[in-house]
Amino acid sequence: MTTASASANSASGHPAVTPPSPKVPEVRPDRASRVVTSDDPHEVSQEDMMEAVRTILLGVGEDPDREGLLKTPKRVAEAMRFLTSGYDQSLEDLVNGAIFDEGHNEMVLVRDITAFSLCEHHMLPFMGRVHVAYIPTQKVVGLSKLARIVEMYSRRLQVQERLTRQIAEAVQEILDPQGVAVVMEATHMCMVMRGVQKPGSWTVTSAMLGAFQEDQRTRDEFLSLIRHQPAFMA
Ligand SMILES: Nc1nc2c(ncn2[C@@H]2O[C@H](COP(=O)(O)OP(=O)(O)OP(=O)(O)O)[C@@H](O)[C@H]2O)c(=O)[nH]1
Ligand SMILES: [Zn+2]
């Protein structure tokens, strides 16, 4: 598989395209791909998670036994399971065979796909929009599947650069198209609510494969299409 080039810069600049970077291995395998046994050290029960949340509540000086917090450990454990549910999905199940031989060879772009993820450094949300384009080699994929791919990789602990690249590589894997382009624009709560505290800052990352990496005009067409204001919004 071609290696994606991913880069980040501030929203004031255009997404830069850098030379291919070395592939970063997955931080952890998909939960779905692991054989889970009862003594699997990675398998943490809901009760263990709830106990950890109780500890956090104590750590912030709260009383986990006061009425308003009684169900909080359970709610947080369930929320964290949902927010990382992308580990349990596989690309094959998600695409569900929705690949059609249309003989189409022009750019397909799904833009403004909202995405919510958690940064792996602070486990705080980062959120924004993702634009996914590809140039088919005859075969196209069901449009919703591009959004589902974004969803699967977002619902994990991430860094924005890796998320962007994984989306591009997934489209490459399922379609083997002439090229794939992914741009993500996101704001990170770890930079807004804490730390450097910069509300309004945006990070733009891109991953370009094949024709989008090799052909400046193709890349420019994509960048111009994602900046264009759509005439119709549902
Ligand atoms: N490249 C990249 N960095 C990220 C992402 N999400 C969070 N970070 C950064 O990860 C870095 C972690 O830096 P550390 O110095 O280890 O942690 P920290 O002391 O909490 O850093 P500050 O956020 O600067 O307070 C910070 O600079 C974050 O802004 C991401 O998606 N991509
Ligand atoms: Zn963070």
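**Around the ligand**

A: The shell around ligand 1 divides into six nonpolar residues, four polar ones and one charged one. Please keep in mind throughout that this is a predicted model.

Q: Which residues come nearest to ligand 1?
A: Of the eleven residues around ligand 1, the nearest are Cys119, His121, Val159, Gln160 and Gly195. As for secondary structure, the elements that contribute two or more residues to this shell are α5, spanning 160–175, and α6, spanning 189–192.

Q: And cysteine 119, what is its bridge partner in β6?
A: In β6 the bridge partner of cysteine 119 is glutamine 158. The strands concerned, β3 and β6 (residues 157–158), run parallel and are joined by two bridges.

Q: How many bridges join β3 to β4, and do they run parallel or antiparallel?
A: Nine bridges join β3 (residues 108–119) to β4 (residues 125–135), and the two strands run antiparallel. One of the pairings is between valine 108 and tyrosine 134, the latter being in β4. β3 and β4 form a hairpin with five residues between them, and methionine 123, which sits in the turn, has a positive phi of about 55 degrees.

Q: Switching topic, how is the chain divided into domains?
A: The domain assignment gives domain 1 as 46–86 and domain 2 as 96–226. Their centres, taken over C-alpha atoms, are separated by 32 Å. The contact takes four residues from domain 1 and eight residues from domain 2, and on the side of domain 1 that touches domain 2 the residues divide into one nonpolar, three polar and no charged.

Q: Where does glutamine 89 lie?
A: Glutamine 89 lies in the loop between α2 (72–83) and α3 (91–95). Its C-alpha atom is separated by 23 Å from that of alanine 186, a residue 97 residues apart from it along the chain.

Q: Last one, what does the chain come to as a whole?
A: The secondary structure comes to eight helices and eight strands, and buried residues make up 29% of the 234 residues in the chain. Among contacts between residues at least 6 apart in sequence, 71% join residues at least 24 apart.

Note on methods: Residues numbered from 1 in each chain as written. Chains lettered and ligands numbered in written order. Predicted model: local features only at pLDDT ≥ 70, side-chain atom pairs only at ≥ 80, totals over all residues. Domains from an automatic or database assignment. Contact = placed C-beta atoms within 7 Å. Nonpolar A, V, L, I, M, F, W, Y, C, P; charged D, E, K, R; others polar. Near = placed C-beta within 6 Å. Helix = DSSP H or I, 4+ residues; strand = E, 2+ residues; numbered from the N terminus. Pairing = 2+ DSSP bridges. Buried ≥ 20, exposed ≤ 12 C-beta atoms within 10 Å, placed from the backbone.
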